[in-house]
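Dear colleague,

Please find the structure below. My notes on what was found in it follow.

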Amino acid sequence: MTSLASTSDPSAAKVRRGFGRGLVPLSAVTLVAMAAALGMVFFYAPLDADQGFVQKIFYLHVPMALVALVGFIAAGVMGFAHLRSGDRRWDLRSYVAIHISTILAVGVLATGSIWARASWGHWWVWSEPMLVAFLIVFLLYAVYPMLRFSIEDPGRQARSASVFAVAAGAFVPLNFAAVRSAQSLTHPQVFSTTGGGMPGEMFATFLVGLVAMALLFVTLWKLELTAKHAAEQLRAVRRRIEAAADDGDPVGGPVAEPGRPLAGAAS
Amino acid sequence: MLPALPLGQGGAYVAGAFIVFVVLILVYVAIIGAKIARIERELAELSEPVERRPS
């Protein structure tokens, strides 16, 4: 198992420098992109001829859905990287990606319900395959924390979570390919091989919204990775101090691996 | 240019959707912020005995 806290591990040293690096400028770029997207939604994009002002929800709902789904798939790829390399940093990345995507998925379901109520007169339409497919994906990933934290051994936990991330990540595109092939008449088909029929201003606004949402995902992902890594390093330092105190040395002693107490350390 | 929130044309739904999104992100950031604050407190606890040591 790779220790994130080990001082002799060069990859761990790289992680220590890497997770929080660039977070401040990235946050600033994300804020600018979000402000630009919001401005374009309300002051640049024309009103939809069919739905009118309510269609503005599209610029929030669809980018959020796409970023959440890509996040789930990316988490599967990271899970695969963990299974292949045994490097626990990939498991941490996968876990955080799933966490952020699940939060965005809550937003997708909420904004989708609001849009459905405004457009169709119902908060939820069970006969609409796209809605039900997204709900299935959300419920699938809602299981992930329960699976992950039901396993105590850190190595087994990481492996099981990665297997789940890979299997569920493969299910996401298959699920939506099946839904698209069902050719629903109710849910708007935003993208098609003919371009989706959106005017240029609408498509540009959508693209800026998508970029802003992707930047928000990456910013939150880095923020949570940094926080989790800092907490893990702190636990390792605490164990080191406790072990050193047992040996009579106030601050010395070896560094423990995360999740594994040092031999002789106070339990 | 459009008015910011035409309430008669479903503006309340649009405002609701955007407010849900903002609240969701704010709650998430607040939770992460609380975790970082806890890390900071624990770090201060740990560094206290080190700082008290005579150099």
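Buried area is the accessible area (1.4 Å probe) that two parts lose on being put together, summed over both. In this predicted model, about 3000 Å² is buried between chain A and chain B, and carbon and sulfur atoms give 83% of that area. On the side of chain A, the residues that lose the most area to chain B are A:Phe53, A:Leu234 and A:Arg238, together 21% of what that side buries.

Counted by contact (heavy atoms within 4.5 Å), 38 residues of chain A meet 29 residues of chain B. There are 2 salt bridges between the chains, a salt bridge being a side-chain nitrogen of Lys or Arg within 4 Å of a carboxyl oxygen of Asp or Glu. A:Arg238 forms a salt bridge with B:Glu45, with the closest N and O atoms 3.9 Å apart. Helix 8 of chain A gives the most to the side of chain A that touches chain B, with 13 residues; helices are DSSP runs (H or I, at least four residues), numbered from the N terminus.

Elsewhere, A:Ser113 lies in helix 4 (residues 88-120) of chain A. A:Ser113 counts as buried because its relative accessibility is 16%, where buried means under 20% relative accessible area and exposed over 50%, with partly exposed in between (1.4 Å probe, protein chains only).

Residues are numbered from 1 along each chain as its sequence is written, and chains are lettered from A in the order in which they are written. Local features need pLDDT of at least 70, side-chain atom pairs count only at pLDDT 80 or more, and totals for chains, interfaces and linings use all residues, while side-chain values use heavy atoms, leaving out hydrogens and water.

Yours sincerely

Conventions. Helices (H or I, at least four residues) and strands (E, at least two) are DSSP runs, numbered from the N terminus.
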